[in-house]
Protein chains: 2
Amino acid sequence: MFSHTVEYALRAVAALAEDWERPHAVQKIAERTKMPNDYLAKVMQALCRAGVVKAIRGRHGGYQLAQSPEKLSLLEVINAVDPIKRIDRCPLGLAGHGSNLCPLHRRLDDAIRETENAFRFTTLGELLQSTGPVRPLCPIEPAGSLINVAL
Amino acid sequence: MFSHTVEYALRAVAALAEDWERPHAVQKIAERTKMPNDYLAKVMQALCRAGVVKAIRGRHGGYQLAQSPEKLSLLEVINAVDPIKRIDRCPLGLAGHGSNLCPLHRRLDDAIRETENAFRFTTLGELLQSTGPVRPLCPIEPAGSLINVAL
DNA sequence: TATAAGCTGGACAAAGATGTCCGATTGAGT
DNA sequence: ACTCAATCGGACATCTTTGTCCAGCTTATA
């Protein structure tokens, strides 16, 4: 239901969120989140253009969140790379229908709106704080090495 | 959020639902629903293989719903052409995580599940019965000709 | 100032989704 | 039997998404 690019973007910001006031190199993020390095580079550029992250160029540079994880909603991330499109007029191309969708498209748009809201009101910060029963989740390290990514 | 193919499939079954016990030729459905004839043919084949519709070959043939609109959920139609994929294990490919998703993927899967349910419990019949304030919606005919498609 | 680390952006390749074309097959009607 | 209307299904064209490669630019550090 969500594009691969969206998934990548969300993984990336989740990785950045760990210590968000420091730049992270694309290569590091890619290793952490197990995605193709060069494709991630493109995704980061998109996030940068959208203002979700900022780029620090040059040596010791990288990307870092533009604001604290608590202020960043998942929807902002999603819309930065692959905007959720609401159905705002009849897809059959009929003029004069304005916001009056037929029952089918009304139903579809309702679902889209609910999804949009679910992500609009979820911040990256909430994800990091969430104290599920099985905490160290996606991270790679099984034993006790390094920090758990909590993706 | 939904593929073009899903949109087409839903339009098609909505068109069929009008009088579902009679076969409708692909060409007629395509005109009604304003989509490419030959692509619709492929979509109908998929719906047929999934058992959502049945094909009547030969002259005076066409496609008709396999069962009454009241018994057909939108989810069945969607899954027939472009299945909604739940996130059932860590997309990072970590073994040993079973159903324990990290907060991010838990959140994503929740949204997918909600969407799935919204369509699982909506039947085609409900859409046709729904008495919105602006009834004749997507149909093409503005004046008083023919039946309103109520797509 | 030289070097290395890192982002930038263009070009391109591969794969999937969408759209088109057409001959083969089926079955009703004459 | 023959014809016509219709699905069936393979081949192919096009577009978008995803993925790869690389030369150039920017900046910290020695």
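**Close-up 1. The hairpin of β1(B) and β2(B), with G58(B) between the strands.** Five residues sit between the two strands here, and among the residues of this hairpin G58(B) takes a positive phi near 80°. Keep in mind that this is a predicted model. The strands themselves, β1 (residues 53-56) and β2 (residues 62-65) of chain B, pair in the antiparallel sense over four bridges. To get your bearings on the pairing, look for K54(B), which stands opposite Q64(B) in β2(B).

**Close-up 2. The surroundings of DNA strand C.** G58(B) turns up again here: along with A55(A), H4(B), P36(B) and R59(B), it belongs to the closest of the 25 residues that surround DNA strand C. Elements giving two or more residues to this surface come from both chains: α3 (37-49) and β2 (62-65) from chain A, plus α1 (4-17) and α3 (37-49) from chain B. The top contributor is α3(A), with four residues. Sorted by class, the surface near DNA strand C has ten polar, nine nonpolar and six charged residues.

**Close-up 3. Helix α4 of chain B, largely enclosed.** This helix covers residues 74-81, and six of its eight residues are buried, so the rest of the structure largely encloses it. The buried ones are L74(B), E76(B), V77(B), I78(B), A80(B) and V81(B). What covers them? The cover includes α1, α3, α5 (103-120) and α6 (124-129), which belong to chain B. As you trace the helix, remember that an α-helix has 3.6 residues a turn, so residues three or four places apart point the same way.

Terms used:
Residues are numbered from 1 along each chain as its sequence is written. Chains are lettered from A and ligands numbered from 1 in the order in which they are written. This is a predicted model: local features need pLDDT of at least 70, side-chain atom pairs count only at pLDDT 80 or more; totals for chains, interfaces and linings use all residues. A residue is near a molecule or strand if its C-beta atom, placed from the backbone, lies within 6 Å of it. Ala, Val, Leu, Ile, Met, Phe, Trp, Tyr, Cys and Pro count as nonpolar, Asp, Glu, Lys and Arg as charged, and the others, Gly among them, as polar. Two strands pair if DSSP finds at least two bridges between them. A residue is buried if 20 or more other C-beta atoms lie within 10 Å of its own, exposed if 12 or fewer, and partly exposed in between; C-beta atoms are placed from the backbone. Two residues are in contact if their C-beta atoms, placed from the backbone, lie within 7 Å.
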